[in-house]
Amino acid sequence: MKKSLLLFFFFISCFANNLQKPMTYNKQNIKGWYMSEKLDGIRAYWNGKQLLTKNGNKINTKKEFTKNFPSFELDGELWTKRGDFENIQSIVLDDIASNKWSEITYNIFEVPNAKGDFQTRLNKVKNWFKNKPNKYIKFVPQIKCKDKKHLQEFLEKLVSKNAEGVIIKNPHKHYFQGRSQDILKVKKFFDMEGKIIDINYDKKDKNRMKSLVIKLQNNIVFNLGGGFTNKQRYNPPKIGEIVTFKYYGFTKYNKPKFASFLRVRKKE
């Protein structure tokens with residue numbers, strides 16, 4: 001019995017890691033593709049029985065949140081509004097589901113392993129919730145892209161409203177797993193995560209953080225000193241935590257250019 005359970009959860013974890021992942025847009029021909037806002041929340045995979053993070057960990061929700069969810073799979077974003085990631089993260093990743101789950105909506109953008117093209121897959125879940133409503137369900141609006149100019153205008157409009165960026169997707173493909181050129185992310189800047197391995201403090205004020213020493217996955221180490229509020233400098237993230245930062249390319253030493261702190265990232 002124990003062995004069966006271990007295999008079951010191993011399977012879930014592997015599958016969650018094989019969800020669709022976007023590559024970076026690089027002026028590809030995207031005429032006729034669907035474009036949508038890239039929501040800055042917590043991605044959640046519904047396996048037909050429960051919600052899991054992208055890493056396969058169970059998400060503890062209020063019972064009414066998943067009322068009328070289908071027996072087939074869903075992929076979407078747990079979200080509230082733009083610029084609210086820390087609040088979303090604290091609600092969604094809490095070990096005990098609080099009443100604050102009433103703030104969260106599940107914004108569906110894919111139906112994993114369903115048959116047909118992208119629109120057919122979306123219609124499947126839309127028809128389901130049309131007959132079995134759930135007030136927490138939303139669908140990420142999909143707009144048909146006319147050309148690169150249309151994409152750029154859409155991106156600029158969203159960014160001006162504090163959105164993270166845009167996802168563009170080839171609507172003609174059947175469902176696929178993993179990273180692909182058929183789904184792309186478009187941003188005004190790049191973002192990345194790194195681990196805090198040390199903290200540099202101000203020489204004149206030893207209680208004030210000057211910068212975080214960050215180690216990237218490729219073992220590159222650099223100082224992250226931009227993007228912090230004064231309050232954060234007196235109460236900085238802790239050594240060992242993972243932080244997300246934005247940047248604009250790399251130096252000749254492969255260190256992020258103009259890096260700026262965004263948030264501490266909890267384990268999902």
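In this predicted model, 5 strands form an open sheet in the order E13-E12-E11-E14-E15. The pairing is antiparallel. Elsewhere, the largest nonpolar core holds 30 residues, and a search of the whole structure finds 14 aromatic pairs.

**The open sheet**
- Strands E13 (221–224) and E15 (260–265) stand at the edges. Each has a single partner strand, so one side of each is left without a neighbour in the sheet.
- From one strand to the next, the twist averages 45°.
- Strand E11 (residues 190–201) pairs with strand E14 (residues 242–247) over 6 bridges, in the antiparallel sense.
- Phe190 has Tyr247 in E14 as its bridge partner.

**Nonpolar cores**
- Within the largest core, the residues that touch the most other members are Leu74, Leu78, Val92, Trp101 and Tyr106.
- Two or more residues each come from strand E3 (42–46), strand E5 (74–79), helix H2 (85–92), strand E6 (105–110) and helix H3 (118–131).
- Helix H2 gives the most to this core, with 4 residues.
- Val92 is in contact with Ile42, Ile59, Leu78, Trp101 and Ile104, leaving aside its neighbours within four places in sequence.
- Another core, of 15 residues, lies apart from the largest one. Its members include Ile196, Leu216, Phe245 and Ala259.

**Stacked aromatic pairs**
- The ring centres of Phe69 and Tyr106 are 5.8 Å apart. Their planes are at 20°, under the 30 degrees cut-off, so the pair counts as stacked.
- This pair links distant parts of the chain, 37 residues apart. Phe69 is in the loop between strand E4 (51–53) and E5, while Tyr106 is in strand E6.
- Phe228 lies in the loop between E13 and helix H5 (230–234), and Phe261 lies in strand E15, so the pair ties together parts that are 33 residues apart in sequence.
- Phe228 is buried at 10% relative accessible area. Phe261 is buried at 8%.

**Aromatic cluster and charges over rings**
- One aromatic cluster is formed by Trp46, Phe65, Phe69, Trp101, Tyr106, Phe129 and Tyr136.
- Lys246 lies over the face of Phe189, at 5.1 Å from the ring centre.
- Arg263 lies over the face of Phe85, at 4.2 Å from the ring centre.

Technical notes: Residues numbered from 1 in each chain as written. Predicted model: local features only at pLDDT ≥ 70, side-chain atom pairs only at ≥ 80, totals over all residues. Heavy atoms only, no water. Pairing = 2+ DSSP bridges. Axes fitted to C-alpha atoms, helices over the stretch in contact; angles between N-to-C directions. Core = buried A, V, L, I, M, F, W, Y, C linked by side-chain atoms within 4.5 Å. Buried < 20%, exposed > 50% of the residue type's maximum accessible area, 1.4 Å probe, protein only. Contact = heavy atoms within 4.5 Å. Phe/Tyr/Trp six-rings, centres within 6.5 Å; stacked < 30°, edge-to-face > 60°. Lys NZ or Arg CZ within 6 Å of the ring centre and 35° of its normal.
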